[in-house]
Amino acid sequence: MEGTSVRRWAIALVAGAAIGLSGAVSGVAQAADSDDPIKIPIHNWSSQIVGAHVLGKILNGQGFATEFIPADSQVVYTSMCEGDIDVVHEVWQGAFGVAFEQVVDQGCVIDAATHDAKTREEWWYPSYVEEQCPGLPDWEALNACAEMFSTAETAPKGRFLGGPVDWLKHDAERVEGLGMDFEVVNAGSAAAIWAELASAFERKAPIVHFNWTPNFIEAIYDGKFVEFPEYDEGCKDDPAWGPNPDMTHDCGNPKDGYLKIGVWNGMPDKWPTAYAIISKMNLTNLDIAVMSKLVDIDGMEVEEAADKWLADNEAKWMSWVN
């Protein structure tokens, strides 16, 4: 459950005094809504964690109880089918589209809304690497320079610094499918990727790693995504598709991927008012990038970052409530 600070926030918000907001949230949940807490997962990247607290605070302000549950970002969709998680507000197509679409097809999860934000998740390098590896951002040019990216751990192959294993990006399958001279090394967290990038950038050392947009990184470092063969649904499971007739995953990720909201299929009946609010939630690329920046660059605590975003975007989230 959200703690005492959140309950105090909700009370102050109704009183019109919380974090300097004017026109505080009014109204409470309708009688048809359950008193049970709405279960919101916490994953391992900053925009999702801040956004989860933003959603929780909005629901608290409408009289709903909420509970935050640390959850694997892949297993969470199975948990939704089992009724253990009620809403996932940041479903990235590139990382989680397959798992999400499977449970939607099964009928146990509802595709509740699509954010305005457009996403891309891909291999990425700082722009100075182009001076060291001509031909970038083409993936074949990158592969020709593979040894330049090698470490003691991967030599003579290049190292690709991937995201945490549970993000399930299929990078190893891509390396195999495209016959690349790279080895995938998974970082333990997003923060570990940014730490390595900062170190490499300072030394102008070659690095290629997993990145995504929207993200605060693009406002700090100049860089580009690697351009792989165009994504197609057939790339995931049809070996005949793509440049390698014997392997799958011989393509890049979607360039304009969706960012969706999924809810447990029992939510509209159990919490109809909350479901109406959640289905109106709509974040832009800037919203996602700012939520990350408040924590990863400005050093705010999650609660503080959520309050800051709410204060700066009152008209937006009030439209979801109304």
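1. Basis. This is a predicted model, where local features need pLDDT of at least 70, side-chain atom pairs count only at pLDDT 80 or more, and totals for chains, interfaces and linings use all residues. Residues are numbered from 1 along each chain as its sequence is written, and side-chain values use heavy atoms, with hydrogens and water left out. Helices (H or I, at least four residues) and strands (E, at least two) are DSSP runs, numbered from the N terminus.

2. Three strands form an open sheet in the order 3-10-4, with antiparallel pairing. Two strands pair if DSSP finds at least two bridges between them. Strand 3 and strand 4 (109–114) are the edge strands; each has a single partner strand, so one side of each lacks a neighbour in the sheet. From one strand to the next, the twist averages 30°.

3. Strand 3 with strand 10. Strand 10 spans residues 259–264 and pairs with strand 3 over four bridges, in the antiparallel sense. Trp92 has Leu259 in strand 10 as its bridge partner.

4. Helices on the sheet. Helix 4 (residues 93–106) packs on the sheet and touches strand 3, strand 4 and strand 10. Contact means heavy atoms within 4.5 Å. The direction of helix 4 makes about 130° with that of strand 3. Helix 11 (residues 272–280) also lies across strand 3, strand 4 and strand 10, and runs at about 45° to strand 4. Axes are lines fitted to C-alpha atoms, for helices over the stretch in contact; angles run from 0 to 180 degrees between N-to-C directions.

5. Asp84. Where is Asp84? Asp84 sits in the loop between helix 3 (76–81) and strand 3 (87–92). Its relative accessible area is 39%, so Asp84 is partly exposed (buried is under 20%, exposed over 50%, partly exposed in between, with a 1.4 Å probe and protein chains only). Leaving out residues up to four places away in sequence, Asp84 touches Lys39, Ile69 and Ser79. Glu67 is 17 residues from Asp84 in sequence and 11 Å away in space, C-alpha to C-alpha.

6. Helix 12 and helix 13. Helix 12 (residues 285–296) packs with helix 13 (residues 302–312) at about 140°, their axes 9 Å apart. The two are therefore oblique to each other (under 35 degrees is roughly parallel, over 145 roughly antiparallel, 65 to 115 roughly perpendicular, the rest oblique). Asp287, Val290, Met291, Leu294 and Val295 in helix 12 meet Ala305, Lys308 and Trp309 in helix 13.
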